[in-house]
Protein chains: 2
Amino acid sequence: MKIIVDVMSGDNAPLELIKGAIEASNEYKEHEIIVVGDENVISDVVVQNELQLGSITIRHAPDVINMEDRALAVVREKRESSMSIGLKMLAAGEADAFVSAGNTGALITGATLIVKRIMGINRAAIASILPLTCPVLLMDSGANLNVTSDNIVQFAFMGAKYMEKIYNVERPRIGQLNNGTEYNKGNALQIESYQMLSESGLNFVGNVEAKTVPFDTCDVLVCDGYTGNIFLKSVEGMGKFLMGTLKDVLRTNVVTMASTLTMKAKIKDLKTQFDSSEHGGAPLLGISKPVIKAHGSSDAKAIKNAVRQAIFFVNTGINDDIASFALDYDDKKLLADVEKLYDQT
Amino acid sequence: MKIIVDVMSGDNAPLELIKGAIEASNEYKEHEIIVVGDENVISDVVVQNELQLGSITIRHAPDVINMEDRALAVVREKRESSMSIGLKMLAAGEADAFVSAGNTGALITGATLIVKRIMGINRAAIASILPLTCPVLLMDSGANLNVTSDNIVQFAFMGAKYMEKIYNVERPRIGQLNNGTEYNKGNALQIESYQMLSESGLNFVGNVEAKTVPFDTCDVLVCDGYTGNIFLKSVEGMGKFLMGTLKDVLRTNVVTMASTLTMKAKIKDLKTQFDSSEHGGAPLLGISKPVIKAHGSSDAKAIKNAVRQAIFFVNTGINDDIASFALDYDDKKLLADVEKLYDQT
């Protein structure tokens with residue numbers, strides 16, 4: 001298997017990204033890592049930091065997409081960027097998966113326009129694991145501002161497949177993020193999606209309020225990307241805020257040194273749990289080939305974990321399941337439309 | 001001043017509500033507390049629990065609005081409920097403020113239809129203080145599913161006045177909750193509101209991401225009620241979840257008993273911070289007279305604090321400021337419309 005790593009994008013590029021690619025290459029020796037980026041920059045970083053690329057190959061890309069670039073840059077003014085070239089290699093079948101910590105908007109746009117969606121899937125979604133005790137997959141966490149109820153059902157199906165195959169969850173529980181649990185809560189979108197999810201054959205457990213999500217209420221949480229993004233960031237922000245408050249409590253504490261050390265170890269465990277780098281990256285579900293969005297602040301460990309995730313993704317064959325579902329879903333929609341047409345005439 | 005307390009609504013009604021009213025009456029002796037609810041039920045609770053109503057008067061209301069009732073029940077099938085009668089007393093000038101821990105939808109509907117909005121204010125909003133180190137007022141936290149940019153600007157103004165008068169914040173910083181900080185982030189609503197807030201004369205600090213809200217980025221956070229509700233509940237849920245995780249850490253800890261006790265005290269401080277009962281209730285800003293929504297799970301202390309908040313609200317004359325702003329805002333809108341009309345002809 002060949003995994004492409006975009007080593008030029010992200011807050012800690014290129015050093016941490018290159019280190020992550022090397023760690024992945026050493027750990028998953030049976031697979032091939034290709035790093036894409038400016039050849040000279042990569043060589044300089046390798047020499048200056050006394051790194052060993054080993055079996056890693058470099059694909060030259062002269063340009064880089066920054067956080068400030070517009071999403072469309074990936075197919076317009078920055079077609080020679082590491083992200084753009086990596087996605088084109090993936091589309092051309094030169095590799096099996098692509099990992100990038102770069103500009104989210106550009107990555108979604110590039111994945112959709114260059115790698116293309118799975119036939120029948122109307123919108124790809126960012127599938128983020130929420131950093132809670134029990135993993136909850138948030139679909140969509142920010143790829144689509146506005147969605148339809150069809151999109152929501154597709155998010156639910158794709159998310160369920162992901163949790164089944166990657167996290168070994170049997171019949172994943174699907175919840176719809178909403179402002180109340182009753183079927184008629186929310187806007188027209190949530191009310192319609194509720195109905196459709198109920199009839200979808202998925203293990204739909206109904207609407208879920210934000211306050212109960214941390215308490216093992218569902219395995220996949222579906223919503224539009226705007227709400228999902230606000231929710232994901234509030235979970236991240238609150239985790240960070242509370243860990244900070246906790247540190248203050250420990251600092252002003254008068255316990256013995258020994259106990260503080262024990263406590264510190266426990267707190268570190270807790271911190272690990274909320275550390276997004278442990279979870280690797282977020283795949284863009286619905287894209288015809290695996291594209292993994294690593295967190296912008298990814299370090300070497302996070303990149304290595306994102307590569308591991310890409311390998312899992314390919315190995316489990318999730319996309320085949322999604323493709324056959326999408327065709328089926330499309331057929332059913334078509335049939336329903338035909339029936340409506342007959343009823344009217 | 002006369003404050004009405006609806007003692008029949010809320011998870012802990014009537015006992016905790018009656019206790020809270022008595023505590024408030026004992027603490028704020030210069031003011032009069034009127035409890036509204038079923039006379040017989042109240043008398044029984046008072047006798048059985050050996051309570052003393054003291055100077056509190058009872059207004060009889062034979063019916064109660066439950067959590068399951070539809071919002072419109074307050075003006076239709078349950079016009080004789082404690083909430084409905086309390087709101088009618090407020091509207092008729094028989095008291096200065098109303099406190100209820102009941103059905104949120106019914107309270108907003110009743111406040112809007114019975115007590116009425118301040119002239120020129122298009123939508124009332126629930127103003128909740130987020131339980132963080134620095135108080136942040138969330139406008140709207142759930143009164144309105146769909147809002148316009150005019151509503152958002154009015155939320156911002158009302159919220160600013162509230163933080164100025166109740167929390168002594170000078171020139172409160174207004175942030176718009178959004179999925180990114182740039183001016184063009186979000187849907188048409190957020191983009192338009194950004195522009196209008198920039199020109200509003202308020203201390204607008206721009207779009208704020210959910211993850212930075214806990215870190216003192218703004219004093220008032222504006223958004224539609226759907227997003228606000230999701231955000232408020234995620235903050236509540238994460239607070240509860242993390243406090244629970246922390247308890248587990250402490251339980252499995254091997255520190256000496258003495259240090260655990262010290263730690264426990266610190267943790268208790270932390271818990272108090274996230275305890276919504278400390279903050280009293282959430283006023284419905286934009287209603288012509290003070291209506292305070294106490295948390296559904298309010299205990300006696302929370303009710304006492306909600307009464308204190310009602311007294312503050314009346315004393316600081318916030319509604320006069322909101323009324324004069326609303327008239328001014330209306331005039332400006334009218335002038336802008338007239339100008340547009342002239343430009344076109």
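This is a predicted model: local features need pLDDT of at least 70, side-chain atom pairs count only at pLDDT 80 or more; totals for chains, interfaces and linings use all residues.
**Around β7 of chain A**

Strand β7 of chain A covers residues 136-139. V136(A) and L138(A) point one way from the strand, L137(A) and M139(A) point the other way, and all of them are buried. In general, side chains in a regular strand alternate between the two faces of the sheet.

β7(A) pairs with β6(A), residues 128-130, in the antiparallel sense, and with β10(A), residues 220-222, in the parallel sense. With 5 residues between them, β6(A) and β7(A) make a hairpin.

| Strand pair | Sense | Bridges | Residues opposite each other |
|---|---|---|---|
| β6(A) and β7(A) | antiparallel | 3 bridges | L130(A) and V136(A) |

**Chain A as a whole**

Chain A has 10 helices and 12 strands. Of its 345 residues, 50% count as buried. Among contacts between residues at least 6 apart in the sequence of chain A, 72% join residues at least 24 apart.

The chain is divided into domain 1 (1-121 + 286-345) and domain 2 (131-278). Where they meet, 17 residues of domain 1 are in contact with 12 residues of domain 2. On the domain 1 side, the elements that give two or more residues are α4 (104-115), α9 (300-316) and α10 (318-344) of chain A. The residues of that side divide into 8 nonpolar, 6 polar and 3 charged.

**The nonpolar core**

The largest nonpolar core has 200 residues, and V99(A) and V99(B) have the most contacts inside it. Leaving out residues up to four places away in sequence, what does V99(A) touch? Its contacts include I3(A), I4(A), V5(A) and D6(A). Further along the sequence, V99(A) also touches G281(A), I292(A) and A294(A), as well as I303(A), A306(A), V307(A) and A310(A).

**The seven-stranded sheet of chain B**

Now over to chain B, where 7 strands form an open sheet of mixed pairing, in the order β3-β2-β1-β4-β12-β11-β5. β3 (57-60) and β5 (125-126) stand at the edges; each has a single partner strand, so one side of each is left without a neighbour in the sheet.

Helix α4 of chain B, residues 104-115, lies across β4 (97-100), β11 and β12 of the chain, and runs at about 175° to β12(B).

**A loop residue to look at: D299(B)**

The loop between β12 (291-293) and α9 (300-316) of chain B holds D299(B). Why does D299(B) count as partly exposed? The reason is its count of 19 C-beta neighbours inside 10 Å, because a residue needs 20 or more to be buried and 12 or fewer to be exposed. From C-alpha to C-alpha, D299(B) is 28 Å from G317(B), and the two are 18 residues apart in sequence.

Terms used:
Residues are numbered from 1 along each chain as its sequence is written. Chains are lettered from A and ligands numbered from 1 in the order in which they are written. A nonpolar core is a set of buried Ala, Val, Leu, Ile, Met, Phe, Trp, Tyr and Cys residues joined through C-beta atoms within 7 Å. Two residues are in contact if their C-beta atoms, placed from the backbone, lie within 7 Å. Helices (H or I, at least four residues) and strands (E, at least two) are DSSP runs, numbered from the N terminus. Domain bounds come from an automatic or database domain assignment. Ala, Val, Leu, Ile, Met, Phe, Trp, Tyr, Cys and Pro count as nonpolar, Asp, Glu, Lys and Arg as charged, and the others, Gly among them, as polar. Two strands pair if DSSP finds at least two bridges between them. Axes are lines fitted to C-alpha atoms, for helices over the stretch in contact, and angles run from 0 to 180 degrees between N-to-C directions.
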